[in-house]
Amino acid sequence: MVDNEQFPLIIKNVTEEEDTTIKKYYKGYVRPFVRIGPHGYLWPAGYADHAAEIHKLDVRPDDIWVTSFSRSGTTWLQELVWLVKNDLDFETASNVPVSKRYAFLEYPTLSSEVKKETPNPNFENRKATEEDFRSLPQLPSPRYIKSHVPLSLLPPKLLDVAKVFYIARDPRDVAVSYHFMHILFRYFDQGVQFKEFWELFRNNLIFHLPLEEQVREAWEQRNRPNMMFVLYEEMQKDLAGVINKVCSFLGKEYTEEKKKELTQFLQFENMNKKPTYSVDKEKNPELKFMRKGKSGNWVQYFDDQMTKEAEQYMSKYLECTKLPFSNMNN
């Protein structure tokens with residue numbers, strides 16, 4: 001048990017067996033990993049150090065929060081939301097990275113205790129964020145905040161005060177993309193195969209899992225006035241329709257011509273042209289931050305046994321979340 005009297009949820013160390021398995025893949029972490037709250041969300045010990053601080057953050061009425069489980073379309077939605085709120089300022093969006101326009105709330109808690117044995121030349125002078133929970137109180141309004149933290153771990157007054165977006169995606173596509181992100185950001189060695197990652201993923205031994213509980217938390221709040229729940233698949237099928245919903249949610253109006261311009265700006269091919277984190281793409285073209293932007297691409301990575309396991313996983317996921325994803329069993 002982790003001693004954290006200022007935080008209302010239980011934080012406890014994972015079992016010794018789980019910790020051994022996790023550290024076989026997540027290199028450099030010293031302290032035991034932890035599970036947080038009744039659903040046992042998996043985080044490194046560094047998050048437990050600041051869980052109370054994050055939970056007690058002051059929320060402002062003009063805050064804009066974009067939340068999700070990692071690799072669910074967060075960056076895409078961030079760009080859409082920022083542009084709608086900022087009068088379609090395409091020039092700034094083209095020249096200022098989204099990492100400078102949004103604070104990444106929990107970023108330093110993910111790697112604060114990792115021993116960096118070998119410098120990573122791919123990420124020198126690159127940052128996943130300019131601001132985080134430590135600098136958030138000093139930031140001028142309006143603040144734009146990104147987070148992969150479940151709602152139950154965020155400030156309890158969040159949905160009473162600020163506008164909050166949540167985006168969800170087919171878990172099978174999430175798993176594939178999350179695997180390549182782990183390789184890209186050197187959480188895992190490049191030799192770790194997706195089959196290994198999937199085994200960890202379905203057993204909730206990867207950062208932020210269990211996925212279904214985090215999505216359920218957000219889905220249950222979808223009718224709150226300050227919550228907008230978005231599906232990645234919906235953005236792909238009807239981006240113009242999602243743009244209209246975001247405009248209405250944020251109280252912004254634009255001409256049809258301007259909204260068409262926004263739709264074009266947000267096409268995956270255009271988003272993918274922006275500078276992003278990448279490793280040696282000649283050796284592995286999968287290792288880039290904006291990968292393929294497709295739904296259903298998971299079928300290329302699952303063998304017959306994994307597909308059967310995925311069917312079982314999806315049954316559990318859909319039963320828990322109650323999401324209207326009838327096509328997700330296909």
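Quick ground rules. What you're looking at is a predicted model, where local features need pLDDT of at least 70 and side-chain atom pairs count only at pLDDT 80 or more, while totals for chains, interfaces and linings use all residues. Residues are numbered from 1 along each chain as its sequence is written, and side-chain values use heavy atoms, with hydrogens and water left out.

Two strands pair if DSSP finds at least two bridges between them.

Let's take the three-stranded sheet. It is open, ordered β1-β2-β3, and its pairing is antiparallel. β1 (11–13) and β3 (41–43) are the edges; each has a single partner strand, so one side of each has no neighbour in the sheet. On average, neighbouring strands here are turned by 35° against each other, ignoring direction. Between β2 (residues 34–36) and β3 there are three bridges, in the antiparallel sense, and V34 has W43 in β3 as its bridge partner. Helix α2 (residues 45–55) lies across β1, β2 and β3, at about 40° to β2. For all of these angles, axes are lines fitted to C-alpha atoms, for helices over the stretch in contact, and the angle runs from 0 to 180 degrees between N-to-C directions.

Now the other sheet. Here five strands make an open, parallel arrangement, β5-β6-β4-β7-β8. β5 (103–104) and β8 (227–231) are the edge strands, each pairing on one side only. β7 (residues 163–168) pairs with β8 in the parallel sense over five bridges, and A168 sits opposite L231 in β8.

What lies across β4, β6, β7 and β8? That's α3, running at about 165° to β4. Is T74 buried or exposed? At 6% relative accessibility, T74 is buried, where buried means under 20% relative accessible area, exposed over 50%, and partly exposed in between (1.4 Å probe, protein chains only). Leaving out residues up to four places away in sequence, T74 touches V66, S68, F69, K146, H148 and I167; a contact is heavy atoms within 4.5 Å.

Next, the helix pairs. α3 packs on helix α12 (residues 239–250) at an angle of about 50°, axes 10 Å apart, so α3 and α12 are oblique to each other. The cut-offs: under 35 degrees is roughly parallel, over 145 roughly antiparallel, 65 to 115 roughly perpendicular, and the rest oblique. From α3, W76, L80, V81, V84 and K85 meet L239, V242, I243, V246, C247 and L250 of α12.

α12 also crosses α13, at roughly 120°, with the axes coming within 10 Å, and that makes α12 oblique to α13. L239, A240, I243, N244 and C247 of α12 make that contact with K259, L262 and T263 of α13.

Last one: which residues of helix α13 (residues 256–265) are buried? K259, L262, T263 and F265. They span an arc of only 160° around the axis, which puts them on the same side of α13; the arc is taken from the directions from the helix axis to the C-beta atoms. E257 and K260, on the other side of α13, are exposed.

That's it from me.

Conventions:
Helices (H or I, at least four residues) and strands (E, at least two) are DSSP runs, numbered from the N terminus.
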